[in-house]
Amino acid sequence: MGVVRLRDARLAYGPRVLWDGLDLDVAPGEFLAVLGPNGSGKTSLLRVLLGLQPLSSGTVEIHGEPARRGSTRVGYIPQQRSVDATLSVRGRDLVTLGLEGHRWGFRSRRASRARVDEILAEVGAQSYAHMPIGLLSGGEQQRLRVAQALVAGPEVLLCDEPLLSLDLAQQRVVSGLIAEQAKLRGAGVLFVTHEINPILPFVDRVLYLVDGRFRIGTPDEVMTSETLSELYRTPIEVLRVRDRIVVVGAEQDGATVHHHVEAKG
Ligand SMILES: Nc1ncnc2c1ncn2[C@@H]1O[C@H](COP(=O)(O)OP(=O)(O)OP(=O)(O)O)[C@@H](O)[C@H]1O
């Protein structure tokens, strides 16, 4: 059974249709990249799966049940640009929050502590888990958010641009960690990003949204000049440079969409 199942899903805000006729199944352990320009409805899709945003029509199920708020089945890494340096919450407490309202919360404090220790070790964050998160590097903070999202053992992991503000090396580390943890647990991942290259080794399929249109397929199927030119309705060139994908010519509202181009790393 798929961990995520959307059927004939439509989301519109007034006259503006973000997507329509969306059928999507995400299998356990599958890694789905969600791509598209600003405002194409990527975050809105995650909000639908979190039960925060009702569909305009169609159905959405998480592991066979309608999506609902606070589901124990869904882990979430929200979009986060930077953390206030004065934030005094400790890393460990942040991770413990991920157990709140979940079945783990009903167990003993000792069991919760043991579970938090276990996940901190798995993401390699034990050595700084006692520190205020405002003092940690971006990569360290993201490891803790990955731990928070995974601590309760979700079947679906939703990630909203979790690599923002990380350098290239940390982007690889954090995306590798997410992919590895998801595969290990058989959790399906929906990974919203503007930059496919850091996650390309892990991506099984891509959902590419543009202005109400979308395409779903493997990176080789979707990330082609032909498919993106159709989606953007303008000539787009997709180049393979060694193991990278470079998209040239996507213009949206006059602003060049250059987000697939990455500095050398
Ligand atoms: N509750 C709402 N009511 C009306 N419009 C909304 C609502 N939520 C989002 N929108 C609009 O829907 C569009 C899609 O937003 P969304 O955040 O899903 O896009 P996105 O693809 O995640 O964009 P970005 O890459 O900029 O984060 C935006 O234009 C946004 O202003």
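Select residues 138-150 and 168-185: these are helix 4 and helix 5, which pack at an angle of about 10° with their axes 10 Å apart. That angle makes helix 4 roughly parallel to helix 5, a label for angles under 35 degrees, with over 145 counting as roughly antiparallel, 65 to 115 as roughly perpendicular and the rest as oblique. Axes are lines fitted to C-alpha atoms, for helices over the stretch in contact, and angles run from 0 to 180 degrees between N-to-C directions. Helices (H or I, at least four residues) and strands (E, at least two) are DSSP runs, numbered from the N terminus.

The model is predicted: local features need pLDDT of at least 70 and side-chain atom pairs count only at pLDDT 80 or more, while totals for chains, interfaces and linings use all residues. Residue numbers start from 1 along each chain as its sequence is written.

Stay with the two helices and show side chains. On helix 4, pick Gly138, Gly139, Gln142, Arg143, Val146 and Leu150; they meet Gln170, Val173, Val174, Leu177, Ile178 and Gln181 of helix 5 (contact: C-beta atoms, placed from the backbone, within 7 Å). By class, this contact has six nonpolar, five polar and one charged residues. Here Ala, Val, Leu, Ile, Met, Phe, Trp, Tyr, Cys and Pro count as nonpolar, Asp, Glu, Lys and Arg as charged, and the others, Gly among them, as polar.

Next, find the open sheet of six strands, with the order 6-7-8-3-9-10 and mixed pairing (strands pair if DSSP finds at least two bridges between them). Strand 6 (74-77) and strand 10 (213-217) stand at its edges, each with a single partner strand, so one side of each has no neighbour in the sheet. From one strand to the next, the twist averages 15°. Select 205-210 for strand 9, which runs antiparallel to strand 10 and is joined to strand 10 by five bridges. Valine 206 is opposite glycine 217 in strand 10.

Move to the open sheet of four strands, ordered 2-1-4-5 with antiparallel pairing. Its edges are strand 2 (16-26) and strand 5 (65-66); each has a single partner strand, so one side of each is left without a neighbour in the sheet. Strand 4, residues 57-62, pairs with strand 5 over two bridges in the antiparallel sense. Look there for isoleucine 62 opposite glutamate 65.

Now select 237-241 and 244-248, strands 11 and 12, an antiparallel pair with five bridges. They form a hairpin with two residues between the strands, and arginine 242 in the turn has a positive phi of about 50°. Arginine 240 faces isoleucine 245 in strand 12.

Finish by colouring by pLDDT, the predictor's confidence in each residue, from 0 to 100. The protein chain has a mean of 88, and 89% of its residues reach 70 or more. Over residues 252-265 pLDDT stays under 50.
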